[in-house]
Amino acid sequence: MDKAAMSKALKTCRTPFYVFDTDAAAAQVQRIRTALGPEVRLCYAMKANSFIVEALQPHVDGFEVCSPGEFRICRRAHIPPEQIILSGVYKRPQDLLFVMQQYGTAVTYTVESLQQWDIIRSFADQHQTPLRVLLRLSVGNQFGINESDIDALVAGRQDTKAVIEGIQFFSGTQKKSAARTAEELQKLDDLLERLHRVYGYTANRLEYGPGLPVSYFEAKSDVELSMLNALSDQIAHLRFKGTVVLELGRYIAAACGNYFTRVVDTKTQSGSRYCIVDGGIHQVNYYGQMMAMKKPPLLHWEERDGEAVPWTVCGCLCTGNDVLVKAYPFSDLRVGDVLIFGKTGAYSSTESMALFLSRDLPEVALYSKSKGLRPVRRALSTDVFNSPMKL
Ligand SMILES: Cc1ncc(COP(=O)(O)O)c(C=O)c1O
């Protein structure tokens, strides 16, 4: 998103607001594809940013969908069911039944518990429908099932119409060590090899969320690229010869987002300069930000000349934690100025404590060169969610 587009956004939208540059998200997908080669498929974990789903549809192979709400967003964006991986630790039986009845074998279902397996398997058998499932391997937390459970389901796979397509695995986000992904892939490769050897089972698909990292605070960093290249190399050396699907959220979406917020007040307290902005930490989320000490990508729109002095940028919530950045150098910062926080495309619009203080949900606009700036959400009042209703 260039400065002309930012200027247009400031004339069109009221702060605070996000602009998600869908060209940037698509270009990032292309960069990932170039590094990984044509064999590796890409699945967008839409929890990172659900506003760019429709724009990404022609570019990715699938969407990891973790709730009925995310499913409805996909349906409104006309995502073909064949591109949907219905995932998530809590799948209500009635929601699963609805999807299985409506979309059957088009959708792929992940299995995160034996209860989920029972519901899917029963439906498949009752309706003689070969529903396709991925068994999620647990890392020993609340997600997925144990390796011994995977063994049991694979051993009994002939007794059901449900088809075990392969394994899903995700252990965490923002991984900066290639040794970590290498170790995980090795473990998955060993598991698939063992399932083949012991049960004669050949998986078609390995669906892996590598948790690739985004450099939010470093002015220059090659960890993003080095992790992607290392991953590409690790995948090329797998013994598993089926389809590898990478589930990615942050790495696809982070750089496409800019968050615009306005300085609404300034003060000096005990020798420190503070500015209050109309946004805050309920709308901005930089993974790894430590007590606001780290400096995220930030543009002072008015960019005045003069000596830069340190400011602490605080949001509009009633908590001392609502600090976006400390000791950031600004020249002649004034009330009314706009601060633009970059790399806010992932987990800011979807993962923030949006209801605190009953502040409005911010406006959202999408931007692309061909379609220009398109407001897609007005500011929404949240007080209704925080007050008793007549039920
Ligand atoms: C199962 C699963 N896959 C993929 C992702 C995406 O992770 P990331 O945003 O680090 O790429 C998540 C994130 O929580 C996840 O839970």
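# Questions about a predicted model

Modeller: Let's begin at the ligand: of the 14 residues around it, Ala 45, Thr 173, Gly 209, Gly 249 and Arg 250 come nearest. Keep in mind that this is a predicted model.

Colleague: What share of the contacts with a separation of 6 or more comes from residues 24 or more positions apart?

Modeller: Here we look at how far along the chain the partners in a contact are. Among the contacts with a separation of 6 or more, residues 24 or more positions apart account for 70%.

Colleague: How far apart do the C-alpha centres of domain 1 and domain 2 lie?

Modeller: The domain assignment gives domain 1 (80-248) and domain 2 (255-386). Their contact takes five residues from domain 1 and seven residues from domain 2. On the domain 1 side, the touching residues are three nonpolar, two polar and no charged. The C-alpha centres of the two domains are separated by 36 Å.

Colleague: Where does the largest nonpolar core lie?

Modeller: In soluble globular proteins, nonpolar side chains tend to be buried together. The largest nonpolar core here has 102 residues, and Tyr 44, Phe 63, Ile 120, Val 133, Ile 167 and Val 313 have the most contacts inside it. Its largest share, five residues, comes from helix H8 (residues 178-199). Both domains give residues to this core, so it lies between domain 1 (80-248) and domain 2 (255-386).

Colleague: Which residues is Ile 167 in contact with, leaving aside its neighbours within four places in sequence?

Modeller: Ile 167 is among the residues with the most contacts inside the core. Beyond its sequence neighbours, the contacts of Ile 167 are Leu 134, Leu 135, Leu 137, Leu 188, Leu 191, Leu 192, Ala 203 and Leu 206.

Colleague: Is Tyr 90 buried or exposed?

Modeller: Tyr 90 sits in the loop between strand E4 (84-86) and helix H5 (93-103). Tyr 90 has 11 of them inside 10 Å, so Tyr 90 counts as exposed.

Colleague: Which bond of Pro 16 is cis?

Modeller: Most residues other than glycine have a negative phi, and most peptide bonds are trans. Pro 16 is in the loop between helix H1 (3-12) and strand E1 (17-21). With omega near -5°, the cis bond is the peptide bond from Thr 15 to Pro 16.

Colleague: What is the phi of Met 291?

Modeller: Met 291 is in the loop between strand E11 (272-277) and strand E12 (298-300). With 8 C-beta neighbours inside 10 Å, Met 291 counts as exposed. Although Met 291 is a residue other than glycine, its phi is positive, near 50°.

Methods. Residues are numbered from 1 along each chain as its sequence is written. This is a predicted model: local features need pLDDT of at least 70, side-chain atom pairs count only at pLDDT 80 or more; totals for chains, interfaces and linings use all residues. A residue is near a molecule or strand if its C-beta atom, placed from the backbone, lies within 6 Å of it. Two residues are in contact if their C-beta atoms, placed from the backbone, lie within 7 Å. Domain bounds come from an automatic or database domain assignment. Ala, Val, Leu, Ile, Met, Phe, Trp, Tyr, Cys and Pro count as nonpolar, Asp, Glu, Lys and Arg as charged, and the others, Gly among them, as polar. A nonpolar core is a set of buried Ala, Val, Leu, Ile, Met, Phe, Trp, Tyr and Cys residues joined through C-beta atoms within 7 Å. A residue is buried if 20 or more other C-beta atoms lie within 10 Å of its own, exposed if 12 or fewer, and partly exposed in between; C-beta atoms are placed from the backbone. Helices (H or I, at least four residues) and strands (E, at least two) are DSSP runs, numbered from the N terminus.
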